[in-house]
Amino acid sequence: MNTFSAFPKQILVLVGLLALSFTSRLSATDSAVANAHMKRGDYAAAYREYRGLAEVGYPDYQNQVAAMHAAGQGVTINKVLAHVWYTLSASQGSQDAIQAKIVLERELSSEQLARSKELAKRYAAEYVAPYRPPSWSLD
């Protein structure tokens with residue numbers, strides 16, 4: 001009876017370890033796939049891959065997603081979303097994002113900036129905070 005009850009725990013631990021291993025390989029593969037899509041000019045497919053990486057807290061890919069929103073590569077031009085993603089990346093120390101955010105702020109209205117700040121707080125809680133130390137904050 002005791003051996004049987006321990007068996008499911010061992011399987012769960014094994015499955016969890018395999019999932020973690022697969023996920024780390026998947027992230028590396030996603031960036032290679034995204035880069036290949038970009039080289040071929042398939043911006044919509046590249047955006048999907050980069051967005052997935054941005055959503056798990058990678059500042060470099062948050063920059064890429066922001067740039068794609070700003071330029072309309074693979075998505076409709078949306079300067080508010082570009083600012084949101086630059087804000088997330090800048091909050092993690094990306095100097096490129098800090099500079100791009102400053103430039104973009106000159107183009108946005110006060111209403112657009114307010115909307116961006118609102119979205120950035122929501123996105124930060126979902127896409128950045130889970131991958132940062134408890135002391136991290138958006139501001």
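**View 1. Ser 94 pairs up with Asn 63.** The side chains of Ser 94 and Asn 63 make a polar contact of 3.0 Å; that term covers a pair of N or O atoms within 3.5 Å where, within protein, one must be able to donate a hydrogen and the other to accept it, and residues adjacent in sequence count only if both atoms are side-chain atoms. This is a predicted model, where local features need pLDDT of at least 70 and side-chain atom pairs count only at pLDDT 80 or more, while totals for chains, interfaces and linings use all residues. Residues are numbered from 1 along each chain as its sequence is written, and side-chain values use heavy atoms, with hydrogens and water left out. You'll find Ser 94 in the loop between α4 and α5; helices here are DSSP runs (H or I, at least four residues) numbered from the N terminus. Ser 94 counts as buried because its relative accessible area is 12% (buried is under 20%, exposed over 50%, partly exposed in between, using a 1.4 Å probe and protein chains only). Setting aside residues up to four places away in sequence, Ser 94 touches Asn 63 and Ser 89, with contact meaning heavy atoms within 4.5 Å.

**View 2. Gln 92 and Arg 132 meet through their side chains.** Gln 92 sits in the loop between α4 and α5. Its side chain has a polar contact of 2.3 Å with that of Arg 132. Beyond neighbours within four places in sequence, Gln 92 is also in contact with residues including Gly 57, Pro 59 and Trp 136.

**View 3. A look into the largest nonpolar core.** This core has 28 residues, and Tyr 50, Trp 85, Leu 88 and Tyr 123 have the most contacts inside it. (A nonpolar core is a set of buried Ala, Val, Leu, Ile, Met, Phe, Trp, Tyr and Cys residues joined through side-chain atoms within 4.5 Å.) Two or more residues each come from α1 (2-40), α2 (43-54), α3 (59-71), α4 (79-90), α5 (95-105) and α6. Helix α4 gives the largest share, eight residues. Zoom in on Trp 85: leaving out residues up to four places away in sequence, its partners include Arg 51, His 69, Tyr 123 and Tyr 127.

**View 4. Leu 53 lies in helix α2.** With 1% relative accessibility, Leu 53 counts as buried.
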